[in-house]
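Good morning, and thank you for joining. I would ask you to keep the sequence and the model open while I go through a number of local features.

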Amino acid sequence: MVLVMAAMAFVMFSGFWTDWLWYRSVGYSSVFSTTITARLGLFFVFGLGAGAAVGLNIHLAHRLRPPLGAMSVEQQSLDRYRLGIAPYRGRVLLAVSLLVGFVSGASASGEWSTWLSYVNAVPFGTRDPQFHKDVSFYVFDLPWYRFLLSFGFAVVLLCLLAAVVVHYLYGGLRISAPDARATSAATGHLSVLLGIFVSLKAVAYWLDRYGLAVNSSSFKATTGWTGLRYVDANAYLPAKTILFCIAIICALLFFATLWRRTWSLSVIGFGLMVLSAVLIGGLYPLIVQEFQVQPDEAAKEGPYIQRNINATRMAYGIDGTQVTDYPGTSGSTPGSMLRVDVGTTASIRLLDPNLVSLTFQQLQQMCSYYTFNSQLTVDRYPADGGKQGTQATQDTVVGLRELNIHGIPDSNWINDHFRYTHGYGIVAASGTSITDTGAPSFAESNLPPQGEFGSYQPRIYYGEKTTQWSIVGGSTKEIDYSTDNGEKSYTYVGKNGVSLANPLTRAAYAVQMNEPQLVYSGAISKRSRILYDRTPKERVESVAPWLTIDGDPYPAVVDGRIQWIVDGYTTTNNYPYSSRTTLSNTTADSLSGGSRSVLAQQNQVNYIRNSVKATVDAYDGTVKLYQWDTGDPVLKTWMKAYPGMILPRAAISPQLMQHLRYPEDLFKVERQMLTRYHVTNASAFYSGSEVWQVPDDPAKRNGVAVPPYYQSLKMPGQSAQEFSLTTTFTPNGRDNLSAYMAVDADATSPDYGTIKILKLPSSSTTLGPKQVQSKFNSDPPVANQINIWQKSDSEVEYGNLLTVPLDGGLLYAEPVYVRGAGVNYPLLKKVLVAYGDNTAFDDTLSQALDDVFSTPMSAPSTQQLPGAGRPQSANPVVKQALAAAQAAFNAGQQALKNGDWAAYGKAQSDLQVALERAENAEGMTKADQVDVASTMRPS
């Protein structure tokens with residue numbers, strides 16, 4: 001038992017010790033000490049309080065036991081228990097108190113963040129419209145008061161349970177007794193405990209009044225609706241006040257039992273309180289809702305809807321959204337001029353970072369033990385690498401060559417943890433251009449790195465794929481990469497990582513890593529350091545446990561180092577009147593999942609700010625946190641709790657500032673809220689006539705939202721292109737376009753973070769993303785070419801469907817990637833472009849734009865099948881098949897304009913059949929052609 005206890009103690013110690021060493025190694029030991037101090041303080045204060053309260057009541061119940069007289073049958077059966085406990089009574093009392101104290105303390109220690117935010121609270125400077133309290137009361141104070149209340153309830157119930165058991169055991173309470181079933185002492189004791197319980201219930205009723213401002217309900221199909229409605233303000237609120245008064249009276253009646261020595265009045269009072277809770281707290285609000293609100297709901301709820309709109313827009317930072325009416329159809333500008341305008345309006349990014357990872361892998365992996373993340377990132381770098389001194393930037397797709405532990409040759413303990421320890425080099429390609437073969441045009445590539453980024457530290461010890469611990473800096477040489485002349489070796493010289501020179505430290509890590517060889521391996525020297533918790537999200541979350549971490553950290557070369565840039569959010573679930581959203585659902589799209597998901601401290605939130613920009617050095621793991629939102633009260637509260645850990649915004653270097661961007665997860669939260677809260681008028685919000693939805697990704701078939709896209713474009717009213725994050729909206733239940741949303745994503749821009757929405761007329765039939773994709777798919781040249789690719793065992797993948805506002809209309813551009821037979825990576829082969837009624841399908845973007853804008857913008861109602869003007873085959877079957885295809889194409893276009901989707905679907909089926917007939921007819925004999933042609937009729 002001694003050995004077992006010692007082993008258990010060492011396991012607990014090893015966890016504490018390794019945590020302390022890790023925090024010290026990253027320079028954030030104050031985070032560990034502050035957090036552990038708060039946890040231990042709460043553990044001891046609340047643990048001792050709960051244990052002492054229960055122990056005192058057990059002792060008091062024993063002291064108030066009656067002298068035993070004539071023994072009834074009931075008392076005789078209990079006597080053996082009393083005799084059995086008597087020799088150990090003190091030990092039992094101590095054991096019960098310690099158990100209650102330990103469990104209660106452990107529960108309370110989990111509220112360390114609630115306590116720290118309560119004692120360091122910073123006011124918001126905004127008051128709620130009902131109770132006129134500062135928002136900080138709801139965000140910081142109310143959660144702490146509710147914890148105290150729930151803890152008080154639990155302790156009083158435990159005391160009551162313990163007192164009842166002891167009183168019964170020692171005769172103070174009797175189940176079968178001819179006279180009084182409770183002694184006066186037991187009655188007084190239990191009455192006081194019940195009085196305290198009811199007093200706490202009175203406090204709960206009082207706090208429930210304020211809780212109405214942060215309670216959620218479902219209203220007008222808005223899940224997560226938060227705040228008081230008419231019935232809350234005019235029924236529930238007065239009901240809570242009345243119940244508070246009744247509970248106070250009931251508690252006084254219980255306390256009066258100390259002198260009256262009878263339960264009668266207190267029981268009657270308690271019964272009246274329960275009845276009042278049912279009638280006043282339950283039935284009365286239902287009557288008000290049914291007979292006052294329902295007959296005139298719009299007028300009654302109007303002021304409360306307006307409160308919710310204002311608070312929600314403020315809490316999500318969308319109150320400054322600029323909404324502009326936009327026609328959705330092109331003006332009278334000639335096509336030739338529009339073709340010129342495209343170049344100045346947008347830098348259309350052909351390279352899809354979510355598709356070309358395999359292409360990077362195939363062309364730039366270099367070694368089997370390197371890999372790229374499945375989703376690369378879009379950043380901005382100088383167009384010429386800065387060599388000509390130009391300030392112009394271009395959209396660039398970037399990925400890191402990270403360590404792939406599954407590709408390590410001859411995997412063993414030394415290779416896995418000592419030799420293959422890091423990735424090597426950044427790979428970047430222009431987002432707007434490709435090579436003649438459809439491959440990325442690399443701006444930085446190869447091993448050792450070559451290109452436009454200049455000299456930088458290329459080794460990547462910390463990355464999204466780096467999940468295994470490594471031991472570096474010792475006598476074992478690490479592998480950089482392989483060359484024709486052998487392996488290039490290296491030894492880590494960074495200062496981060498925990499030293500393994502101390503045998504006790506090695507033993508502690510052997511326990512934590514479940515790796516006994518750490519104790520006795522000769523490969524570990526006094527200079528060896530262990531690296532773990534190596535993903536950027538893990539490291540930032542560990543040093544700032546109060547932050548919610550964006551799901552997409554991205555790398556950038558900053559001041560000669562590869563830095564991971566991580567966006568951190570401060571959130572709360574208690575902003576009054578602001579509707580709630582679920583982060584895991586709101587941030588989900590067709591690309592999210594796994595490592596891409598947001599790391600949330602609270603999954604449900606109703607307030608969010610991108611308050612912190614963090615960096616993690618890819619070489620030595622150094623974490624730096626910068627204050628980004630200087631006005632956020634939640635961040636200021638945590639800066640008071642953890643002084644000195646957040647660097648001022650002014651500390652951000654100019655080169656780092658150039659790579660900071662508007663975070664994608666915050667944008668997705670804001671776009672989801674704007675599907676309803678772009679409406680600022682209560683009556684329009686109530687009618688629900690202007691509700692939007694985020695469209696599904698047209699290139700996928702999983703029914704999940706389309707992701708937002710980074711691209712450089714010029715919104716109407718802007719003088720130059722800005723690096724932006726964009727998305728589209730469609731009306732609720734329909735697929736045509738209702739709005740276009742963009743936010744200035746360039747941190748160096750004075751308009752950074754400004755959300756702009758182009759709102760189309762409600763009667764507009766401008767095609768949405770799904771309809772545009774269907775139009776592309778049904779275009780005969782497109783369908784025919786894709787059919788040819790697929791028949792040759794090639795796989796076709798559509799890239800990001802980018803949308804660009806242009807001259808009142810919307811320009812759509814989509815790259816088409818093909819994986820040829822026997823090739824496991826995609827190459828860009830075609831570009832699809834649509835503007836108005838015109839579409840183009842060409843080898844290059846330039847050709848596609850030329851084709852689109854060379855056609856008159858106002859097309860006739862009956863369109864020609866593309867290619868109809870070219871020389872036709874003499875084959876009669878082909879002629880009739882093409883005639884049928886033309887008829888089906890025209891019918892589909894007319895159905896598309898009419899919004900008749902059933903007719904549109906039938907037309908597409910007829911079109912596909914006709915095209916297949918034309919293709920099959922090429923190999924027929926003359927006789928076969930005549931026979932088949934006689935059976936065919938134009939559709």
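Helices are DSSP runs of H or I with at least four residues, strands are runs of E with at least two, and both are numbered from the N terminus.

This is a predicted model, in which local features need pLDDT of at least 70 and side-chain atom pairs count only at pLDDT 80 or more, while totals for chains, interfaces and linings use all residues. Residues are numbered from 1 along each chain as its sequence is written, and side-chain values use heavy atoms, with hydrogens and water left out.

Which residues of α23 are buried? They are Pro780, Val782, Ala783, Ile786, Asn787 and Trp789. Buried means under 20% relative accessible area, exposed means over 50%, and partly exposed lies in between, with a 1.4 Å probe and protein chains only.

After α23 comes aspartate 793, with a positive phi near 65 degrees. Aspartate 793 belongs to the loop between α23 and β31 (795–798), and it counts as exposed because its relative accessibility is 65%. Aspartate 807 also has a positive phi, about 50 degrees, without being a glycine. Its place is the loop between β32 (802–806) and β33 (809–819); with a relative accessible area of 31%, aspartate 807 is partly exposed. As background, most residues other than glycine have a negative phi, and most peptide bonds are trans. On the latter point, leucine 447 and proline 448 are joined by a cis peptide bond with omega about -10 degrees. Proline 448 lies in the loop between β11 (440–445) and β12 (450–451).

I turn now to aromatic rings. How many aromatic pairs does the structure hold? There are 52. Rings of Phe, Tyr and Trp (its six-membered ring) pair if their centres lie within 6.5 Å; planes under 30 degrees apart count as stacked, over 60 as edge-to-face, and the rest as tilted.

One of the pairs is phenylalanine 153 with phenylalanine 197, edge-to-face at 5.1 Å centre to centre and 65 degrees between the planes. Phenylalanine 153 lies in helix α6 (residues 135–169) and phenylalanine 197 in helix α7 (residues 184–211), so this pair ties together parts that are 44 residues apart in sequence. Phenylalanine 153 is buried, because its relative accessibility is 18%, whereas phenylalanine 197, at 24%, counts as partly exposed.

Another pair, tryptophan 546 with tryptophan 638, is stacked, with 5.8 Å between centres and 5 degrees between planes. Because tryptophan 546 is in the loop between α16 (536–543) and β19 (548–549) and tryptophan 638 is in helix α18 (residues 633–641), the pair ties together parts 92 residues apart in sequence. Both tryptophan 546 and tryptophan 638 are buried.

Tryptophan 638 leads us to α18 itself. Its buried residues are Pro633, Val634, Leu635, Thr637, Trp638 and Ala641. They pack against α2 (29–63), α5 (112–119), α6, β21 (561–572), β24 (607–617) and β25 (623–627), a contact being heavy atoms within 4.5 Å. At the N-terminal end, aspartate 632 caps α18, with a side-chain oxygen 3.3 Å from the backbone nitrogen of valine 634. A polar contact is a pair of N or O atoms within 3.5 Å; within protein, one must be able to donate a hydrogen and the other to accept it, and residues adjacent in sequence count only if both atoms are side-chain atoms.

Is tyrosine 492 buried or exposed? It is buried, with a relative accessible area of 4%. Beyond neighbours within four places in sequence, tyrosine 492 is in contact with Tyr461, Val472, Gly473, Glu478, Leu531, Tyr619 and Asp620. Its side chain also reaches the backbone oxygen of asparagine 496 at 3.2 Å.

Finally, the chain as a whole. It has 27 helices and 35 strands, and 53% of its 939 residues count as buried. Of the contacts between residues at least 6 apart in sequence, 70% join residues at least 24 apart.
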